[in-house]
Amino acid sequence: MSSFSTPALVLRRSDWSDYDRMVTLFTPGSGRVECVARGCRRPKSPLVNAVELFTSGEYQIFRSGERNAIEQCQIRESFLPLRTDYDRLTHGVYWLKLLDTGVMRDLPYEELFLLSLTALAHLAYSDLPPEMLTLAFELHFMARMGYPPRANACVLCGKPIEADARFDERLGGTVCLSCPSNAPRISNGARRILFKLPRTRFENVPKLLGHPDWPEAARLFRPYVQSRMQLPEKFLPALVSPGPLSGI
């Protein structure tokens, strides 16, 4: 038996017994940590707010064998505005689903943990379009999971690409126009976003706001994320109004 303290973000929770909940925490040092929060559904429980989705803070966890129990929590951020904006809430829940699907137990994820808190702060407190923020989060997340798209060279012939191309989500990236492909065409601007955005700080995402090609990048990248993370359609938030993609 032991007790430890860790920063954490609540990814998922479900009712368990009359007054308890099972909670999935995302921690920077140990990845996923499954816990029980005993008595948290009682109105006067000190854990009543600590086990809500999006809540982050310092969690004191008691470990006995393979079981973990949340003893107490010092809440640092709840991202409350997400709960009053259905559109942003939908995007936020999708981000949590990505993390819940990709993060493993007993592995460190320091960079991804800090990125997730930064991204959620932008989603909750900025006026930036949630669709644009989701594109940025998807790109950063997939890069840290080891699945960045290849967007600077052809996945078939290896030739560097510096112009319009095609984006083949099945092959994992761009295909030059000289190689045979039925994949949708991608503009050079959208291609550059897919290549550069995962390599920039999330704080620089607002610079995309005036870029005309980010909606195209978002529409083309979503199937890439969905196929690799195997997420059902019901978890996917809406994209920017889907105008026709050129050169399909």
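Trainee: Where is the place of Ser-17?

Mentor: Ser-17 sits in the loop between strand S1 (2-16) and strand S2 (20-27). Helices (H or I, at least four residues) and strands (E, at least two) are DSSP runs, numbered from the N terminus. This is a predicted model, in which local features need pLDDT of at least 70 and side-chain atom pairs count only at pLDDT 80 or more, while totals for chains, interfaces and linings use all residues. Residues are numbered from 1 along each chain as its sequence is written, and side-chain values use heavy atoms, with hydrogens and water left out.

Trainee: What phi does Ser-17 have?

Mentor: Most residues other than glycine have a negative phi. Ser-17 is not a glycine, yet its phi is positive, about 60 degrees. Phe-54 is also a non-glycine residue with a positive phi, about 80 degrees, and lies in the loop between strand S3 (31-37) and strand S4 (56-64).

Trainee: Is Phe-54 buried or exposed?

Mentor: Buried means under 20% relative accessible area, exposed over 50%, partly exposed in between (1.4 Å probe, protein chains only). Phe-54 has a relative accessible area of 1%, so it is buried. Ser-17, at 45% relative accessibility, counts as partly exposed.

Trainee: At what angle do helix H1 and helix H3 pack?

Mentor: Axes are lines fitted to C-alpha atoms, for helices over the stretch in contact, and angles run from 0 to 180 degrees between N-to-C directions. Angles under 35 degrees count as roughly parallel, over 145 as roughly antiparallel, 65 to 115 as roughly perpendicular and the rest as oblique. H1 (residues 86-102) and H3 (residues 130-144) pack at about 10 degrees, with axes 10 Å apart, and are therefore roughly parallel. Their contact (heavy atoms within 4.5 Å) includes Trp-95 and Leu-99 of H1 and Phe-137 and Phe-141 of H3.

Trainee: How do the axes of H1 and H2 cross?

Mentor: They come within 11 Å and cross at roughly 170 degrees, which makes H1 roughly antiparallel to H2. Among the residues in this contact are Trp-95 and Leu-99 of H1 and Leu-112 and Ser-116 of H2.

Trainee: Which residues have the most contacts inside the largest nonpolar core?

Mentor: A nonpolar core is a set of buried Ala, Val, Leu, Ile, Met, Phe, Trp, Tyr and Cys residues joined through side-chain atoms within 4.5 Å. The largest has 56 residues, and those with the most contacts inside it are Phe-26, Leu-99, Leu-112, Leu-135, Phe-141 and Phe-221. Not counting residues up to four places away in sequence, Leu-112 touches Phe-26, Leu-99 and Phe-141, among others.

Trainee: In what order do the three strands form the open sheet?

Mentor: Strands of a sheet pair through backbone hydrogen bonds, either parallel or antiparallel. Here the order is S7-S6-S8, with antiparallel pairing. S7 (173-175) and S8 (185-186) are at the edges, each with a single partner strand, so one side of each has no neighbour in the sheet. Two strands pair if DSSP finds at least two bridges between them. S6 (residues 165-168) is joined to S8 by two bridges and to S7 by three. Arg-166 has Arg-185 as its bridge partner in S8 and Val-175 in S7.

Trainee: Which way do the residues of S6 point?

Mentor: In a regular strand the side chains alternate between the two faces of the sheet. Ala-165 and Phe-167 point one way from S6, Arg-166 and Asp-168 the other way, and all are buried.
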